[in-house]
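Reader: I would like to go through this structure with you, starting with how its parts are held together. Could you show it first?

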Amino acid sequence: MSEQDKKQIDAATGVEVNAHEWDGIQELNTPLPRWWLWSFYACIVFALGYVVVYPAIPFRHSASAGTLGWTSRGELKKELASAEIARAATVKALADTPIEAIDPKSPLMRAAVEGGKAAFKVNCVQCHGSGAAGSKGYPNLNDDDWLWGGNLKEIHATLEHGIRQPGDDATRISQMPAFGRDQLLTAAQIQDVVSYVRLVSRQDPATASAQQGAKLFADNCAVCHGTDAKGNRTLGAPNLTDPIWLYGGDRASLTATVTNARAGVMPAWGQRLDPVTVKMLAAYVHSLGGGE
Amino acid sequence: MSNHANRTGKAGGLYARRPDIFPRAVDGFYRRLKWAVMAATLAVYYVTPWIRWDRGPYAPNQAVLVDLANRRFYFFAIEIWPHEFYYVAGLLVMAGIGLFLLTATVGRAWCGYACPQTVWTDLFLHIERMIDGDRNAQMRLRNAPLSVTKVAKRVSKHSAWLAVGVLTGGAWIFYFADAPTLLRAFVTGTAAPVAYSTVALLTATTYVFGGWMREQVCIYMCPWPRIQSAMLDERSLIVTYKDWRGEPRSHGIKRTEGVPTGDCIDCNACVQVCPTGIDIRNGPQLACITCALCIDACDDMMARIGRPRGLIDYATFEDCEEERKGAPPVPIRRTILRSRTFLYFGGWAAIGIAMAIMLGARTRLDLSVGQERNPLYVQLSDGSVRNAYTVKVRNMETRPRPVRISIEGLPGALVWDSLSEESTAAQSLTLTVAPDQVERRRLYVRAPRTGPQPADFRFRVTALDPQGGGDDDAARFDRPETLR
């Protein structure tokens with residue numbers, strides 16, 4: 001112990017040996033270079049300066065402000081403002097151009113589709129799904145079957161005024177009678193109509209029930225859905241001959257539809273979003289592959 | 001005794017002051033070699049960004065350009081895209097193996113001649129000598145009281161060092177933007193802030209590292225001295241003091257007195273010229289960067305006292321031992337040709353050749369296809385099924401290229417893109433990809449309801465210009481499991 005208290009000098013190098021010893025190997029007490037010390041001091045000074053200049057010290061409900069007044073929120077605000085300036089020209093062009101007049105291959109349309117994609121993720125995915133594939137009662141926006149028309153202008157009109165949206169005079173309304181609930185048809189007649197619809201949509205073969213259903217269809221349904229059952233877009237009446245079904249094409253779903261009718265609702269986005277965003281949404285939905 | 005104690009200052013204490021080093025000017029073969037290497041490396045550094053290279057209207061005309069904003073690297077005729085960054089990784093591996101090769105062959109030649117720290121320190125030392133004079137004058141000036149001359153000399157020395165620093169940092173930024181444009185913007189104060197901050201930072205580091213830190217960077221900061229001891233073996237060239245010839249030293253002893261003396265006259269010339277302040281006569285050591293200035297100094301001295309040159313010389317440890325036993329000195333070239341250097345050279349060359357072959361064979365038109373999975377497929381009103389794909393066509397040539405995208409192996413399939421109507425669906429579609437750009441398109445493929453589930457097929461891109469070429473990528477087509 002007492003040996004370690006004394007300063008030992010290594011004979012070969014003339015440098016002091018410190019007290020550490022491992023298996024007879026001792027460590028030279030080589031001093032650090034002075035520049036290292038000064039670098040360390042410089043780091044401390046830098047850190048102190050940083051604490052003064054930038055927000056650094058957490059208090060109970062806030063943090064120290066820093067003399068520069070810099071905040072990450074302020075930085076974000078600045079970046080948002082500059083992004084706003086950068087897209088101002090595009091936004092103006094979109095506001096000035098009617099949706100159907102935008103050249104489909106132009107950069108403006110590409111910008112509109114990208115903007116619509118972002119707006120769709122915020123406003124539309126709750127009902128139509130993130131891939132716009134919809135689900136029962138919520139139309140698949142990728143397919144080529146459109147209740148109210150699938151060109152840019154019609155999509156835009158549907159988006160702007162909504163479906164059965166109160167408070168919008170131009171909203172799109174289709175009213176299918178509740179044939180069963182309102183006792184317009186008996187339960188047996190409804191089954192005959194369903195048989196006929198299953199026949200025209202090539203899901204079931206011709207039967208006696210379908211034959212009776214054909215007459216019932218002509219009397220009750222053809223007004224809206226057409227004598228050929230191919231629907232009518234001005235009335236929002238779906239095409240019943242294709243394999244695409246909003247509420248299902250199986251017997252049970254069709255029976256429920258004819259008995260109680262269907263009346264889905266979509267908000268009038270013209271009331272909630274700015275006109276440019278609605279246009280961008282229309283462009284995006286049109287670009288999904290089913291646009292006409 | 002030793003130099004080590006001198007190096008670390010007074011024993012004891014936690015922090016050691018840097019001992020002042022005033023390397024004396026020296027002339028000789030290695031000094032001239034050092035001048036030549038310095039001139040060559042500085043010329044490469046300063047001139048490279050100013051070389052022009054005509055790439056046509058769609059790409060910059062600077063031979064060497066790191067275009068970070070557009071993520072392109074230009075190196076003469078070679079253009080590197082970010083996804084080809086493995087070429088840079090390959091160059092770094094070659095640099096690493098090259099350093100091994102150099103070290104195993106000629107010792108720390110990199111450190112002594114080509115390392116930027118050495119080159120700029122050497123430049124700074126030269127500037128110092130031009131202003132303050134050589135070693136003795138510098139020492140006198142250090143000890144002299146403050147005077148107008150001293151202040152003037154100090155101010156001009158540090159100004160010159162700072163000027164070199166500005167030029168160093170100033171040259172660096174030209175690698176990252178069009179040099180003439182940037183120079184004009186830089187001088188008129190309209191360049192990007194990052195240009196000014198880069199120059200400021202590099203000025204500061206050059207001034208501090210070249211003027212103040214010098215050998216301390218090599219001794220304390222650089223990892224290579226630690227690694228190089230593992231790279232050296234008894235057949236590597238190092239700067240050695242032949243103690244069997246030099247000892248005992250004959251300082252102050254007349255050779256005629258009959259006392260046995262070696263060739264070393266203890267004149268300390270080798271210590272005075274050393275830029276890292278070591279005494280090579282203490283044997284190989286970490287702080288030696290093998291710049292060989294001590295060889296020049298010693299050879300000069302040996303010539304004066306009429307003894308053969310080479311008391312301090314480049315030699316391998318093995319040859320040194322042979323020489324001690326009486327063998328004649330071995331020519332330097334012998335150490336270069338041996339299995340270890342061949343091995344390193346083989347690895348180095350293999351990577352270089354592989355990269356050259358890859359560069360020559362790489363296609364400049366590239367296709368990648370990603371299937372949209374949300375939704376996986378769409379049922380269409382006529383009963384057919386549609387899938388969507390995001391297709392990226394990279395045109396790595398610096399001119400626009402018309403290409404055709406077609407489908408192979410999916411019977412009855414038609415394709416169209418999201419910018420067109422479905423009525424344009426056809427078996428292929430053509431588009432023009434802008435020069436040096438990636439064209440990203442959403443493509444729709446419609447196929448009959450029946451068929452394998454899933455169906456594997458390929459997209460193919462074919463260049464329609466005379467140069468031709470193309471690429472293909474696998475994709476799959478999904479259909480509903482059950483008939484609705």
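Author: One term is needed at the outset: a salt bridge is a side-chain nitrogen of Lys or Arg within 4 Å of a carboxyl oxygen of Asp or Glu. By that rule, the side chains of B:Asp122 and B:Arg31 meet in a salt bridge, with 2.6 Å from N to O. Please keep in mind that this is a predicted model.

Reader: Which helices hold B:Asp122 and B:Arg31, and what does the pair tie together?

Author: B:Asp122 belongs to helix H5 (residues 116-132) of chain B and B:Arg31 to helix H2 (residues 29-47) of chain B, so the pair links parts that are 91 residues apart in sequence.

Reader: How many salt bridges are there over all chains?

Author: The search of the whole structure finds 51.

Reader: And how many between chain B and chain A?

Author: The count there is one. A:Arg110 forms this salt bridge with B:Glu439, and the closest N and O atoms are 3.0 Å apart. Between chain B and chain A there are also 16 residue pairs in polar contact, both residues at pLDDT 80 or more.

Reader: Which strand gives the most to the side of chain B that touches chain A?

Author: That is S13(B), with five residues. Strand S13 spans 437-447, and among the other elements that each supply at least two residues are helix H1 (3-8) and helix H10 (215-221) of chain B. By class, this side of chain B has 15 nonpolar, 12 polar and nine charged residues.

Reader: What is the extent of the contact and the buried area?

Author: In chain B, 36 residues are in contact with 34 residues of chain A. The two chains bury about 3,000 Å² between them, and 52% of it is on carbon and sulfur atoms.

Reader: In which sense do strand S4 of chain A and S1(B) pair, parallel or antiparallel?

Author: Strand S4 (residues 32-33) of chain A and S1(B) pair in the parallel sense, over two bridges. Within these strands, A:Leu32 stands opposite B:Tyr15.

Reader: Changing topic, how is chain A divided?

Author: Chain A has domain 1 (76-167 + 270-287) and domain 2 (187-260), and their centres, taken over C-alpha atoms, are separated by 33 Å. The contact takes 13 residues from domain 1 of chain A and 11 residues from domain 2 of chain A.

Reader: What polar links cross that interface?

Author: Across the interface of domain 1 and domain 2 of chain A, the rule finds zero salt bridges and two residue pairs in polar contact, both residues at pLDDT 80 or more.

Methods
Residues are numbered from 1 along each chain as its sequence is written. Chains are lettered from A and ligands numbered from 1 in the order in which they are written. This is a predicted model: local features need pLDDT of at least 70, side-chain atom pairs count only at pLDDT 80 or more; totals for chains, interfaces and linings use all residues. Side-chain values use heavy atoms; hydrogens and water are left out. Contact means heavy atoms within 4.5 Å. Buried area is the accessible area (1.4 Å probe) that two parts lose on being put together, summed over both. A polar contact is a pair of N or O atoms within 3.5 Å; within protein, one must be able to donate a hydrogen and the other to accept it, and residues adjacent in sequence count only if both atoms are side-chain atoms. Helices (H or I, at least four residues) and strands (E, at least two) are DSSP runs, numbered from the N terminus. Ala, Val, Leu, Ile, Met, Phe, Trp, Tyr, Cys and Pro count as nonpolar, Asp, Glu, Lys and Arg as charged, and the others, Gly among them, as polar. Two strands pair if DSSP finds at least two bridges between them. Domain bounds come from an automatic or database domain assignment.
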